[in-house]
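Let's take a friendly walk through a protein structure, one piece at a time. Keep the picture in view as you read.

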Amino acid sequence: MSAEVNPGVRPERNVLAETWCMARAEAIEMFLSIRALFLVITYGGIAGGIGAFVVWIDGKMEGKLAEASQKAAELSVTEKASLVEQITKQGMVSQTLAEAIVNGDLPPLVLTILYTSTFAIPILIILVGYNRIAEDVSSRYTRYVLQRIHRGAYLAGKIIGHFLVCFTAVVLVHVLLLGLAKAYDIFDLGRTVQAMPRIWLGMACFVLAYVSYTVMFSSLLQPPFLVLLIAAMGLFLIRFLTWVLSFFWAPLGELWLGVWDVRLWALEPAAIGVFLGYAVVFIALAQLALRRRDL
Amino acid sequence: MSAAVEMIGVTKDYGRVRAVDDLSLSIPEGSLYGLIGPNGAGKTTTFALLGGFLRPTKGEIRIRGRQLLPGLPPVGQVLSLPQDAALPNHKRVLECLIFLAQLGGMSGAEARQKSEQALKDVGLSELADRKLSQLSHGQRRRVGIAQTLVGHDEVIMLDEPTAGLDPRTALELGQLIQSLHARRTIVLSSHNLSEVETLCTHAAILSKGKLVASGTMDEIKGTGQLLLVALGQPLSNPAALQALATIVSVRAVNPSPDGTGIEIQCGDPNLADQVTTEVLKVLIQHGAQVKGVERGRKLEQRFLETTAPTSG
C-alpha cells in the first residue's frame, strides 16, 4: 500500500451542487428500487380498478354522467353560473371546483377516479421513503455523508429525490391509464388530456406535502420501522381528530390536508396554500431536528 | 506550528454519563496525532465531536481556526473513518467511493480517478465491482479508509483503523498512513500502542474522559528526560552510582531492587545525548556489563502509569 493520491485543490463549497448531487443519487437509487415499482403497481392498480369501475357504472347509466358533463359545458354563461351556485350551495364542493366541473375543465369521470384513488397515495409515499433518513442515521452512514455536505443540502436532496420518484410514478400511472383509455376509446380523451397539466400541478403540491411529512418523521425518529408506524398511524389519527373537532367547530375540520385534496385538482389558491404551507412546516421541523440531533 | 484542530474545555454528556470531561487539546498542523486510552476513555466520542457529528455539552472546537457551530459541522475540513458506521451494503465499492467523492465537490471524472487510486492505495482494486455486503470486515474497514483518501487537504481522522485487520494488512496500512502523513494532518486512535508509538509524532492519553497526558511522542515517553540502563548483572562497585549522580544535568539515579537496572532522570532534555554518552562511559569505567540503554519509557508503560485506576 502506498499513497499516490494528490490532495489537489479543494473546490469551493456549493450548497446547490451538494443538493443536486444528493438528489440525483437518491432519485436514481429509489427509481431502481422495488418500492418505486410497488408504488406504480399499487397506485396503478387502485386507480385503474376504480377507473374501470366508474366507467362500468357510467356504461350502466348509458353514459349519463358523461352526457351531463357534455350538456353542462354547452350551457350559457348565466345558466352555468346558476348551476355552479346550486352545486356550491349543497356544500359538496367549493366554487372554483364547481366552476371547473361545469366549464368542462375537469371531467367528472377523471375527478371521480382521482377523488377515490388519491387516498392511497400518502401511505404509498410513506412506504416508499420512510427509511431514507432514519436508516442512514441508524447505521451512521450519515457520518460518511455529512462530513462532505451540509445537513440542509442532505435534507433537500432527500426530499427532491423522494418527490421526483413519487411524482413521476403518479404521472406515469396517469399516462398509462390515459393510454389504456385511448386504446379502448373509453371516454372523452381530448378534454381529459387538456385537464391533466392542471391536475399534475395540483398533484405536485399533494406529493410534496406528503413527502415532507414522511421526511419529517424520518428525521425525527429511528429506527425506520418506528417511522413507518408513527407516520402511517399519524395519517389516520390526524384525519380522525380533525373530523371529531369539526363537530365542535366546523372550520377545525379543515385543519388537515385530507379535506383539501379535491380542491387541489381545480388549483384553488387556498388549497395550494394549505398543501405548500404544510410542506414548509414539515420541512422546517425536519431541518430543525436534523440540525440539532447527534448523529 | 499552527493548530489544525483545537478543543477548548470540551465536555460531552450522554444524559447523566460524562463521556468527555473538560478536554482541551491542540493538534498541530502536519502532525500524526495518536489518541489513546482504555475502553470507555472517550476516544470515539472525541472523534465524533471533532467530526461535528455530536454537539458538545460545553466548550469550543476549532478546525483550522474556524469554530464549529451547532448544526454546522466542519464540511470539507475533516474526513473521518468513524467507528461502527456502516457503508450501504447494496452499493458497489467503487460506486460508493465515487458518490462520496462527488458529494465532496469533485467532477465525475476526478471522482472516478481518485476513487480508483484510493482503492489501489488500500489494496482493494480487484474488489472495485463487488457489493459492500460481499466484503469481509477487514475489507470494509479498508474501504472506509479509502473514502478518507478521496478528498483534498482535509484533516484525516481514523478511529481504530486497524481494528479487525490481520497483522500484514495492519502493517501495510501503517505504511500507508505514514506516507499520507507527508501531506496531511492525521489523527488516529488505536489500542495497538506499539503501532501508535511507531507511527505518531504526537499523542494524547485519555482516561475516563479526561486528558491525562499530551505532547510530542518524545515528551510523552520522556525520551529526553529518562534513561533506562539494563545491566547483565548487578553493579559490583557502588561508587558507580555516585559517579553517575555527578554527571551534569542528572537529577536522580535509581537502581532497580534487583540491581540489574538503573533509572536515570535528566533535567535538561537538550543534554540527553551528552548524558547518555557520559553514563555509558562511567558504567564501563566501573566495570559494568551494559545490556542495553533505552531513552524514555515505552508508550505502553506510560499508558499503564497514566491510566491506572488510582491515577483517576
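This is a predicted model: local features need pLDDT of at least 70, side-chain atom pairs count only at pLDDT 80 or more; totals for chains, interfaces and linings use all residues.

Chain B contains 10 helices and 14 strands, and its C-alpha atoms fill a box of roughly 75 × 45 × 35 Å along the principal axes. Of its 312 residues, 44% count as buried. Look also at contacts between residues at least 6 apart in the sequence of chain B: 68% of them join residues at least 24 apart.

Now turn to the partner chain. On chain B, 41 residues are in contact with 32 residues of chain A. Several elements give two or more residues to this side of chain B, among them strand 6 (78-81) and helix 2 (93-103). Helix 5 of chain B gives the most, with 6 residues. The table sorts this side of chain B by class.

| Class of residue | Side of chain B that touches chain A |
|---|---|
| Nonpolar | 20 residues |
| Polar | 13 residues |

Next comes a sheet. Strands of a sheet pair through backbone hydrogen bonds, either parallel or antiparallel. In chain B, an open sheet of 4 strands has the order 12-13-11-14, with antiparallel pairing. Its edge strands, strand 12 (250-255) and strand 14 (290-295) of chain B, each pair on one side only. From one strand to the next, the twist averages 15°.

Strand 12 and strand 13 (residues 261-266) of chain B are joined over 5 bridges in the antiparallel sense, and N254(B) stands opposite E263(B) in strand 13. Helix 9 (residues 272-285) of chain B packs on the sheet, where it touches strand 11 (226-231), strand 12, strand 13 and strand 14. The direction of helix 9 makes about 165° with that of strand 14 of chain B.

Technical notes
Residues are numbered from 1 along each chain as its sequence is written. Chains are lettered from A and ligands numbered from 1 in the order in which they are written. A residue is buried if 20 or more other C-beta atoms lie within 10 Å of its own, exposed if 12 or fewer, and partly exposed in between; C-beta atoms are placed from the backbone. Two residues are in contact if their C-beta atoms, placed from the backbone, lie within 7 Å. Ala, Val, Leu, Ile, Met, Phe, Trp, Tyr, Cys and Pro count as nonpolar, Asp, Glu, Lys and Arg as charged, and the others, Gly among them, as polar. Two strands pair if DSSP finds at least two bridges between them. Axes are lines fitted to C-alpha atoms, for helices over the stretch in contact, and angles run from 0 to 180 degrees between N-to-C directions.
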